Amino acid sequence: MTLTPRPRVLTGDRPTGRLHLGHLAGSLRTRVALQDTHELFVLVADVQALTDHFDRPEVVRAHIPEVMLDYLAAGLDPSRVTFVLQSAVPELAELTLYLLNLVTVSKLRQNPTVKTEIGQKGFGDAVPAGFFIYPAAQVADIVAFGAQVVPVGEDQQPMLELSREVVRRFNGLYGNTLTEPQALLSAVPRLPSLDGQTKMGKSLGNAAYLSDSPDELRRKVMGMYTDPGHLRASDPGQVEGNPVFTYLDAFDPDTARVDALKAHYQAGGLGDVTVKRHLLDVLEELLIPMRARRAHYKADPAGVMALLRDGTDRGRVVVAQTLTDVRAALNLVRL
């Protein structure tokens with residue numbers, strides 16, 4: 001009997017900090033589910049991380065094992081997932097160079113994520129070229145692994161659409177060579193930060209991390225921003241824009257219970273501390289098994305890196321085949 005190949009997925013993260021609850025809601029839970037039904041490649045994107053950490057490469061290097069521990073703690077199974085270290089697959093850089101010929105400067109300049117991050121990082125006209133072209137490098141990552149499915153949030157859709165445009169143009173010029181990826185949208189909108197800002201950042205100190213201890217998590221949850229107009233428990237409170245309820249929507253599997261809490265809060269008579277304690281219970285139930293898995297793998301750091309090394313070797317075989325096909329399509333001379 002011939003087995004039908006599982007659809008291939010590529011996803012990943014930049015190792016610039018520990019992964020937080022936003023990563024769990026937005027992508028990690030999806031990846032854990034996909035590992036049962038898809039061929040899942042997870043890229044530790046250290047080369048991309050250097051585009052805005054080039055003066056701090058030690059930060060990137062230090063967080064590679066930390067991100068791996070976060071992956072394993074979240075439930076990604078190394079027997080079903082291929083972990084790949086980006087910098088150990090030089091074929092990705094070569095493929096990026098070829099695909100850059102199919103991407104215009106105007107298209108890169110219009111990328112909303114790049115525009116936003118250039119402003120946030122204060123680059124001005126001094127934006128590094130490596131940072132400017134990283135959407136094209138992401139396209140190369142996706143097509144190199146032949147990804148059919150790419151999990152993305154709403155803000156990442158322009159990147160995936162760029163990938164689709166590049167694949168269509170390449171195949172139109174050189175023949176059907178590359179796989180056109182499809183988006184798998186996250187069911188959970190981007191989580192707000194604990195302090196009520198719009199963006200939760202690894203370096204902004206406004207996130208709860210998967211590796212937080214019970215005491216750290218309690219301190220952060222109990223200090224969360226809520227409704228500034230809800231001064232007393234008896235006051236009616238706002239649910240919309242209240243991060244505590246946004247987190248409950250994302251993580252409490254009992255939706256009826258969440259709906260009841262919302263109604264009570266809006267009517268008055270429910271204090272912020274009570275709601276936060278409930279959220280803390282929900283998050284602790286979620287994180288307790290993750291802490292156990294993390295402790296298990298953390299006891300063998302060499303073994304964790306061996307998982308990444310073995311996965312990278314397997315991933316490089318896949319990428320090398322794609323690059324061979326691309327070279328042939330471009331009619332490059334073989335010496």
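Biologist: What should I know before I start?

Modeller: The model is predicted, so local features need pLDDT of at least 70, side-chain atom pairs count only at pLDDT 80 or more, and totals for chains, interfaces and linings use all residues. Residues are numbered from 1 along each chain as its sequence is written, and side-chain values use heavy atoms, with hydrogens and water left out.

Biologist: Which residues touch the most other members of the largest nonpolar core?

Modeller: A nonpolar core is a set of buried Ala, Val, Leu, Ile, Met, Phe, Trp, Tyr and Cys residues joined through side-chain atoms within 4.5 Å. Buried means under 20% relative accessible area, exposed over 50%, partly exposed in between (1.4 Å probe, protein chains only). Here the largest core has 51 residues, and Leu21, Tyr71, Phe83, Tyr247, Leu248, Phe251 and Leu279 touch the most other members. Helix H3 (residues 57–74) gives the largest share, eight residues. Helices are DSSP runs (H or I, at least four residues), numbered from the N terminus. Apart from this core lies another, of 39 residues, including Val103 and Ile142.

Biologist: What is Leu21 in contact with, beyond four places in sequence?

Modeller: Contact means heavy atoms within 4.5 Å. Leu21 meets Leu191, Ala208, Leu210, Tyr247, Phe251, Leu283 and Leu287.

Biologist: Which residues of helix H11 are buried?

Modeller: Pro243, Val244, Phe245, Tyr247, Leu248, Ala250 and Phe251. That is seven of the nine residues in H11 (residues 243–251). They pack against helix H1 (21–34), helix H12 (255–267) and H13.

Biologist: Which helix supplies the largest share of the lining of the second largest pocket?

Modeller: H4, with five residues. On a 1 Å grid over the protein atoms alone, a pocket is an open set of points where a 1.4 Å probe fits, with protein on both sides within 12 Å along at least five of seven lines; lining residues have an atom within 4 Å of a point. This pocket has 21 lining residues, with Val47, Gln48, Thr51, Ala93 and Ala137 nearest its centre.

Definitions and conventions
Helix = DSSP H or I, 4+ residues; strand = E, 2+ residues; numbered from the N terminus.
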